[in-house]
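Here is a briefing for someone meeting this structure for the first time.

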Amino acid sequence: MKAIVAVDLNWAIGCKGNLLERIPEDMRFFKQMTLGKVVVMGRKTFESLPGKEPLKDRVNIILSKSGDFENDKIIVCPSLDELFCELKKYNSDDIFIIGGEAVYTLLLPYCSEAYVTKIDNEYPADKYFPNLDEMGEWEQVSISEAKEYNNIRYSFLKYVNKSPKVL
Ligand SMILES: NC(=O)c1ccc[n+]([C@@H]2O[C@H](COP(=O)([O-])OP(=O)(O)OC[C@H]3O[C@@H](n4cnc5c(N)ncnc54)[C@H](OP(=O)(O)O)[C@@H]3O)[C@@H](O)[C@H]2O)c1
């Protein structure tokens, strides 16, 4: 499985339940990478989606113990065991972990790749992604040219995990 995330210079990912920034090219990249695939997210990230609606044309899996969801377009897993059982139905290359902090932290060891949009800014934040540059098993293997939108500089990085845990 793979993680996909947008981080700032401090590896921050969110503040008060929201994203730090919305960069159109990053949104398109996220869509292009995940369309037709399986997306796994925490209940709080699900609730932050526009209209609290699942992402279209993707299998939406939500991790939640408390969730009382009346939505037949999502799959809710109340525990890691049940999530892993569900994920066995899919090709692991098609599974994307899309946040937030709690779910990234839990599932990053099982990811073989991470697609990181690095935003060249520092934002007030209360949620973070693990700093892959400080984790020996993770190696940065590519970086796009520097890009800019509304004076915000950013680039697309790819990391690989040299020893992912097996589901
Ligand atoms: N920058 C990015 O790319 C990006 C991407 C996604 C999200 N975000 C940001 O991240 C923030 C949200 O992150 P978060 O850590 O607060 O929330 P989260 O990871 O989205 O969701 C946390 C919830 O997931 C459920 N959960 C977690 N571990 C579980 C387990 N072992 N078993 C069952 N359920 C489990 C729980 O739901 P219940 O309480 O219902 O049990 C928990 O409250 C927001 O600010 C969002 O905008 C950023």
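This is a predicted model: local features need pLDDT of at least 70, side-chain atom pairs count only at pLDDT 80 or more; totals for chains, interfaces and linings use all residues.

- Strands S4 and S7 run parallel and are joined by three bridges.
- S4 also pairs in the parallel sense with strand S5 (residues 59-63), here over five bridges, and within that pairing Gly42 stands opposite Leu63 of S5.
- Between S4 and S5 the chain passes through helix H2 (43-48), and this β-α-β crossover is right-handed.
- Five of the five residues of S4 are buried, so the strand is largely enclosed by the rest of the structure.

**Strand S8 between two partners**

- As background, strands of a sheet pair through backbone hydrogen bonds, and they do so in either a parallel or an antiparallel way.
- Strand S8 (113-119) pairs with strand S1 (2-7) in the parallel sense over six bridges, and Ile4 stands opposite Tyr115 of S8.
- With strand S12 (152-161), S8 runs antiparallel and is joined by seven bridges; the bridge partner of Glu113 in S12 is Val160.
- Six of the seven residues of S8 are buried, so this strand too is largely enclosed by the rest of the structure.

**An open sheet of three strands**

- Three strands form an open sheet in the order S3-S2-S9, with antiparallel pairing.
- Strand S3 (18-19) and strand S9 (127-128) are the edge strands of this sheet, and each of them pairs on one side only.
- Strand S2 (residues 12-15) runs antiparallel to S9 and is joined to S9 by two bridges, with Lys127 of S9 as the bridge partner of Gly14.

- Phe129 lies in the loop between S9 and strand S10 (138-143).
- Phe129 counts as buried because it has 23 C-beta neighbours inside 10 Å, where 20 or more are needed.
- Although Phe129 and Ala12 are 117 residues apart in sequence, their C-alpha atoms are 6.2 Å apart in space.
- Apart from neighbours within four places in sequence, Phe129 is in contact with Val5, Val7, Trp11, Ile13 and Tyr104.

- In helix H1 (residues 24-34), the buried residues are Asp26, Phe30 and Thr34.
- Seen down the axis of H1, these buried residues fall within an arc of 55 degrees, so they line one face of the helix.
- An α-helix has 3.6 residues a turn, so residues three or four places apart point the same way.
- Pro24, Arg28 and Gln32 are exposed on the other side of H1.
- The buried residues of H1 pack against strands S1, S4, S7, S8 and S12.
- Gly36, which comes just after H1, takes a positive phi of about 80 degrees.

**Around the ligand**

- There are 29 residues around the ligand, of which Gly14, Gly42, Thr45, Gly99 and Gly100 come nearest.
- Two or more residues of the shell come from each of the elements S1, S2, S3, S4, H2 and helix H4 (101-107).
- By class, twelve residues of this shell are nonpolar, twelve are polar and five are charged.

**Backbone details**

- The peptide bond from Gly99 to Gly100 is cis, with omega near 0 degrees, and Gly100 is found in the loop between S7 and H4.
- Asp57, in the loop between H2 and S5, is not a glycine and yet has a positive phi of about 60 degrees; this residue is exposed, with 10 other C-beta atoms within 10 Å.
- Asn151 likewise is not a glycine but has a positive phi, of about 65 degrees.
- The place of Asn151 is the loop between strand S11 (147-149) and S12, and this residue counts as exposed because it has 6 C-beta neighbours inside 10 Å.

How values were computed
Residues are numbered from 1 along each chain as its sequence is written. Two strands pair if DSSP finds at least two bridges between them. Helices (H or I, at least four residues) and strands (E, at least two) are DSSP runs, numbered from the N terminus. A residue is near a molecule or strand if its C-beta atom, placed from the backbone, lies within 6 Å of it. Ala, Val, Leu, Ile, Met, Phe, Trp, Tyr, Cys and Pro count as nonpolar, Asp, Glu, Lys and Arg as charged, and the others, Gly among them, as polar. A residue is buried if 20 or more other C-beta atoms lie within 10 Å of its own, exposed if 12 or fewer, and partly exposed in between; C-beta atoms are placed from the backbone. Two residues are in contact if their C-beta atoms, placed from the backbone, lie within 7 Å. The arc is that of the directions from the helix axis to the C-beta atoms. A crossover is right-handed if, with the strands pointing away from the viewer, the path from the first strand over the helix to the second runs clockwise.
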